[in-house]
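Subject: Handing over the model

Hi,

Here is the structure I promised to pass on to you. Have a look at it first, and then read on for what turned up.

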Amino acid sequence: MTNLAPKIKLSNGQEMPVLGLGTWKSFESEAYQSTKNAIDTGYRHIDTAFVYENEQEVGQAVREKIAEGVIKREEIFITTKLGGIHHDPELVERAFRLSLSNLGLEYIDLYLMHLPIGQKFHNDSNVHGTLELTDVDYLDTWREMEKLVDLGLARGIGLSNFNAAQTERVLANCRIKPVVNQVECHPGFQQQKLREHAKQHGLVICAYCPLARPQPARQWPAFIYDEQAQQLAKKYGRSTAQICLRYLIQIGVVPLPKSSNKTRIEENFKVFDFELSAEDVRAMEGYHTGQRTVPFSGMSGHKYYPFNDEF
């Protein structure tokens, strides 16, 4: 019997596994193979996005595992995201159906607005858009996402890269509440205030780049490479990455580590049979530098740019 991750209950009653596979920068055959490896390992939560250009491969892997009888559709939690080029209200449902068709599934568990900022639409194949930004109000985009829940196509909807004020604006004007905010979060960028704010408002924080995209040549970040991190790993008989993922889970964050390496995919999942002491959690808190690895700096002049606020 494959060991599975515990689940966290979202505000709409959905249950989400507390660890997922991230697929950003997993291209084509790599995304297909890593999704299959992850499901075999026990992952039941896969995170993709329209702009990752790998929904088809992720979907194919999921459908094959369903066909093999490894999983049932209702046993796996699939997240994808609305790209910036599709923020215009009249484009939202079509964009969603494009993702659904890419994945080859009947419904999506969670559909996120990837950013609060819209980009000019040229055509669907220009997935990353350009830095021609639009002034589409994300509330108008959100209202169209709510309709996807009405249609039974998305079970839940949520946000990504929203700050606290933007989140509150959605909450104050929505009919269907966002259940998560997916943001960059790791020991070097802990999002403490945003986490507290999310908790007060019933949102779960999911973490992309939970290991901060390590750079071995630079021995960066410290929480993966420095002496204290090595000692902590040694104490628990784990890797520094496992300590980091365990830390995030213990502070209530759902990490989405990306890997295409089978051994690392397996290693990242082995974080449910140990617990960090309160003292070691505090040690991990000491790694906060406030440095983002994904600042979306090309959008920093936009009125909806989320990262000018403190949180």
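Points are joined across faces, edges and corners, and a volume is the space filled by probe spheres set on them. Rolling a water-sized probe over the atoms shows where empty space is left.

Please keep in mind that this is a predicted model, in which local features need pLDDT of at least 70 and side-chain atom pairs count only at pLDDT 80 or more, whereas totals for chains, interfaces and linings use all residues. Residues are numbered from 1 along each chain as its sequence is written, and side-chain values use heavy atoms, with hydrogens and water left out.

The annotated domain

An unreviewed UniProt entry carries the annotation "domain: NADP-dependent oxidoreductase" for residues 19–285. UniProt positions follow the numbering used here, feature names are shortened, and annotations may be inferred rather than shown by experiment. Over residues 19–285 the chain is 43% helix and 15% strand, with 20 Å between the end C-alpha atoms. Helices (H or I, at least four residues) and strands (E, at least two) are DSSP runs, numbered from the N terminus.

The largest pocket has a volume of about 1100 Å³. Its lining has 44 residues, of which Trp24, Lys25, Cys209, Arg213 and Val294 lie nearest the centre. Helices α9 (240–250) and α10 (262–269) each supply at least two lining residues, and α10 gives the most, with 3. By class, the lining of this pocket has 19 nonpolar, 18 polar and 7 charged residues. For these classes, Ala, Val, Leu, Ile, Met, Phe, Trp, Tyr, Cys and Pro count as nonpolar, Asp, Glu, Lys and Arg as charged, and the others, Gly among them, as polar.

The second largest pocket holds about 230 Å³ of space. Of its 14 lining residues, Arg195, Glu196, Lys199, Ile251 and Gly252 lie nearest the centre. Both α6 (192–200) and β11 (204–208) supply at least two residues of this lining, and the largest share, 5 residues, comes from α6. The lining divides into 7 nonpolar, 3 polar and 4 charged residues.

Helix α9

How many of the 11 residues of α9 are buried? The count is 10 of 11, where buried means under 20% relative accessible area, exposed over 50%, and partly exposed in between (1.4 Å probe, protein chains only). Thr240, Gln242 and Arg246 are among the buried residues. The buried residues of α9 pack against α7 (222–225), α8 (227–236), β12 (254–255), α10 and α11 (278–285), a contact being heavy atoms within 4.5 Å. Just after α9, Gly252 takes a positive phi of about 90 degrees.

Lys65 lies in helix α2 (residues 55–67) and counts as buried because its relative accessibility is 5%. Not counting residues up to four places away in sequence, Lys65 touches Lys36, Ile39, Asp40, Val70 and Ile71. The side chains of Lys65 and Asp40 are joined by a polar contact of 2.9 Å. A polar contact is a pair of N or O atoms within 3.5 Å; within protein, one must be able to donate a hydrogen and the other to accept it, and residues adjacent in sequence count only if both atoms are side-chain atoms.

Thr41 lies in helix α1 (residues 28–41) and is also buried, at 18% relative accessibility. Its contacts, beyond four places in sequence, include Thr2, Ile265 and Phe269.

Tyr43 sits in the loop between α1 and β4 (45–47) and counts as buried at 0% relative accessibility. A polar atom of the Tyr43 side chain lies 2.6 Å from the backbone oxygen of Ile265.

Best wishes

How values were computed: On a 1 Å grid over the protein atoms alone, a cavity is a set of points where a 1.4 Å probe fits but cannot get out, and a pocket is an open set with protein on both sides within 12 Å along at least five of seven lines; lining residues have an atom within 4 Å of a point.
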